[in-house]
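Please examine the sequence and structure below before reading on.

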Amino acid sequence: MPFNIPILLTWLRVALIPLVVGVYYLPTHWLPLADRNLAATLVFIVAAVTDWFDGYLARRWNQTSAFGAFLDPVADKLMVAGALLVLVQLDRVNAVIAFIIIGREITISALREWMAEIGARKSVAVSSLGKIKTAAQMAAIPMLLFHDRLLGLVDTHYWGEYLLWVAGVLTVWSMFYYLRKAWPLIKEKSGVA
């Protein structure tokens, strides 16, 4: 396993995931709900920034690796799934939309793994549609974690919910996009008529 700053940042993101979840399990007399919301939001934002930063540094310093390419999306998916599960438990996110987003991630991860096995990973490489979906999720989740008015003006719950539904639509759309791109190879390798 290579060890460099980009991979260290990815591991930091993995380590931050339990903090986003765990802050909600602290006793109320230690940290009131509003403070938990703020703490979880800030930790999630730091984790999201490391997601961008580790990729940028890996490319800039030419420190990309197969392990980094594996760990980065795993950290992203764990971060989103952990936050969504907390938000479902807090009744801030509809379980259906959480299921759609998490289910898509599992499906596409499995598809990419299978495509890599048959030597066709590039046919399901990340598209701009997937990047827009991720951006919508990464904006929605901290808003839903914060769950209050920002600067007394912006209803973060409303906008977070709106952006999460946008992400949900893009999630389904991008899943069908990847499946459509992979379908000819799936048919060929599995003997489907």
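The largest cavity in this predicted model contains about 40 Å³ of space. A cavity is a set of points on a 1 Å grid, over the protein atoms alone, where a 1.4 Å probe fits but cannot get out; its volume is the space filled by probe spheres set on the points, which are joined across faces, edges and corners. Local features need pLDDT of at least 70 and side-chain atom pairs pLDDT 80 or more, whereas totals for chains, interfaces and linings use all residues. Residues are numbered from 1 along each chain as its sequence is written, and side-chain values use heavy atoms, with hydrogens and water left out.

**Cavity**

- The structure holds one cavity of 30 Å³ or more.
- Lining residues, which have an atom within 4 Å of a point, are Arg13, Leu16, Ile17, Val20, Val21, Phe44, Ala47, Met79, Gly82 and Ala83 for the largest cavity.
- Two or more residues of this lining come from each of α1, α2 and α3 (66-89); helices are DSSP runs of H or I with at least four residues, numbered from the N terminus.
- Helix α1 provides the largest share of the lining, five residues.
- The lining comprises eight nonpolar, one polar and one charged residues (nonpolar: Ala, Val, Leu, Ile, Met, Phe, Trp, Tyr, Cys and Pro; charged: Asp, Glu, Lys and Arg; polar: the others, Gly among them).

**Contact of α1 with α2**

- The axes of α1 (residues 5-22) and α2 (residues 33-60) come within 9 Å and cross at roughly 160°; axes are lines fitted to C-alpha atoms, for helices over the stretch in contact, with angles from 0 to 180 degrees between N-to-C directions.
- The two helices, α1 and α2, are therefore roughly antiparallel, a term for angles over 145 degrees.
- Their crossing is left-handed, meaning that the near helix is turned anticlockwise from the far one by less than a right angle.
- Contact (heavy atoms within 4.5 Å) involves, among others, Leu9, Arg13 and Leu16 of α1 and Phe44, Ala47 and Asp51 of α2.
- The contact residues divide into 15 nonpolar, two polar and three charged.

**Contact of α2 with α3**

- The axes of α2 and α3 come within 11 Å and cross at roughly 160°.
- This pair, α2 and α3, is therefore roughly antiparallel, and the crossing is left-handed.
- Phe44, Ala47, Ala48, Asp51 and Asp54 of α2 meet Asp72, Asp76, Met79 and Ala83 of α3.
- By class, the residues of this contact are five nonpolar, no polar and four charged.

How values were computed:
Parallel < 35°, antiparallel > 145°, perpendicular 65-115°, else oblique. 1 Å grid on protein atoms, 1.4 Å probe; cavity = no way out; pocket = protein on both sides within 12 Å on 5 of 7 lines; lining within 4 Å.
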